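Here is a quick briefing to read alongside the model. Have the structure open and follow along topic by topic.

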Amino acid sequence: MTNGHEKTVSPEMGDLQMIGRSEAFQEMVESIRQVASTNIGVLISGESGTGKEMVARAIHKLSARKDKPMLTVNCGAIPEGILESELFGHEKGAFTGADESRKGYFETAQGGTVFLDEIGEMPLGTQVKLLRVLETKEFMRVGGSLPIQVDVRMLAATNKNLAEEVKKGHFRKDL
């Protein structure tokens, strides 16, 4: 209910603290509902501070994967050499300091969702490996030799114009 001055809250979005009443907001909520019921990957774009992570959380919460983990990875905050280990895990001895084997985000989120925030910051080498996960649903841990099957939904967000990043050679067109 609204008296004309209050913001309306979509019932499904209320506990996610997404509030709005504009036509654009209602269109976004409808888009969230539509993609949440599918298993497709989603790219969420917009300026910093516009709620891209909230949209990702809403998609996950309304999906069939809602009872499985949703893990968020800030691709811009993790150094390149560490990012692959964080995403795909590593085997004992794969690099200095790898004293034991460790699962990465993809294995840990099995059956759930991986949200790749700031994907426009992801190094090209890691993009190649991510593309393989999207295409084949498998990957190898850093230092590993056996493929690992994974069932995760990928959501990604960026504040960059990825078409421009592709033209500059900073982002893979096929990704």
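**A buried ring to start from**

Phe-139 is buried, with a relative accessible area of 6% (buried means under 20% relative accessible area, exposed over 50% and partly exposed in between, using a 1.4 Å probe and protein chains only). This is a predicted model, in which local features need pLDDT of at least 70 and side-chain atom pairs count only at pLDDT 80 or more, while totals for chains, interfaces and linings use all residues. Residues are numbered from 1 along each chain as its sequence is written, and side-chain values use heavy atoms, with hydrogens and water left out. Helices (H or I, at least four residues) and strands (E, at least two) are DSSP runs, numbered from the N terminus.

**Aromatic rings**

- The count comes to three aromatic pairs, where rings of Phe, Tyr and Trp (its six-membered ring) pair if their centres lie within 6.5 Å; planes under 30 degrees apart count as stacked, over 60 as edge-to-face and the rest as tilted.
- Take Phe-88 and Phe-139: their ring centres are 5.7 Å apart and their planes sit at 40 degrees, so this pair is tilted.
- Phe-88 lies in helix 3 (residues 80–88) and Phe-139 in strand 4 (residues 138–139), so the pair ties together parts that are 51 residues apart in sequence.
- Phe-88 counts as buried too, at 2% relative accessibility.
- Phe-106 and Phe-139 have ring centres 6.2 Å apart and planes at 45 degrees, so that pair is tilted.
- Since Phe-106 lies in helix 4 (residues 105–108) and Phe-139 in strand 4, the pair ties together parts that are 33 residues apart in sequence.
- Phe-106 and Phe-139 are both buried, and ring pairs link Phe-88, Phe-106 and Phe-139 into a cluster.

- Four strands make an open sheet in the order 1-6-3-2, with parallel pairing (two strands pair if DSSP finds at least two bridges between them).
- Strand 1 (42–45) and strand 2 (70–74) stand at the edges with a single partner strand each, so one side of each is left without a neighbour in the sheet.
- From one strand to the next, the twist averages 20 degrees.
- Strand 2 pairs with strand 3 (residues 113–117) in the parallel sense over five bridges; Thr-72 has Phe-115 as its bridge partner, and Val-73 stands opposite Leu-116.
- Strand 3 and strand 6 run parallel and are joined by four bridges, with Thr-113 opposite Arg-153.
- In a regular strand the side chains alternate between the two faces of the sheet.
- On strand 3, Thr-113, Phe-115 and Asp-117 point one way and Val-114 and Leu-116 the other way, and all are buried.

**Helices**

- Helix 2 (residues 52–61) has Lys-52, Val-55, Ala-56, Ala-58, Ile-59 and His-60 buried.
- Those buried residues pack against helix 1 (23–36), strand 1, strand 2, strand 3 and strand 6 (153–158) (contact means heavy atoms within 4.5 Å).
- The axes of helix 3 and helix 5 (residues 124–136) come within 10 Å and cross at roughly 15 degrees; axes are lines fitted to C-alpha atoms, for helices over the stretch in contact, and angles run from 0 to 180 degrees between N-to-C directions.
- That makes helix 3 roughly parallel to helix 5 (angles under 35 degrees count as roughly parallel, over 145 as roughly antiparallel, 65 to 115 as roughly perpendicular and the rest as oblique).
- Leu-83, Glu-84, Leu-87 and Phe-88 in helix 3 meet Gly-125, Thr-126, Lys-129, Leu-130 and Val-133 in helix 5.
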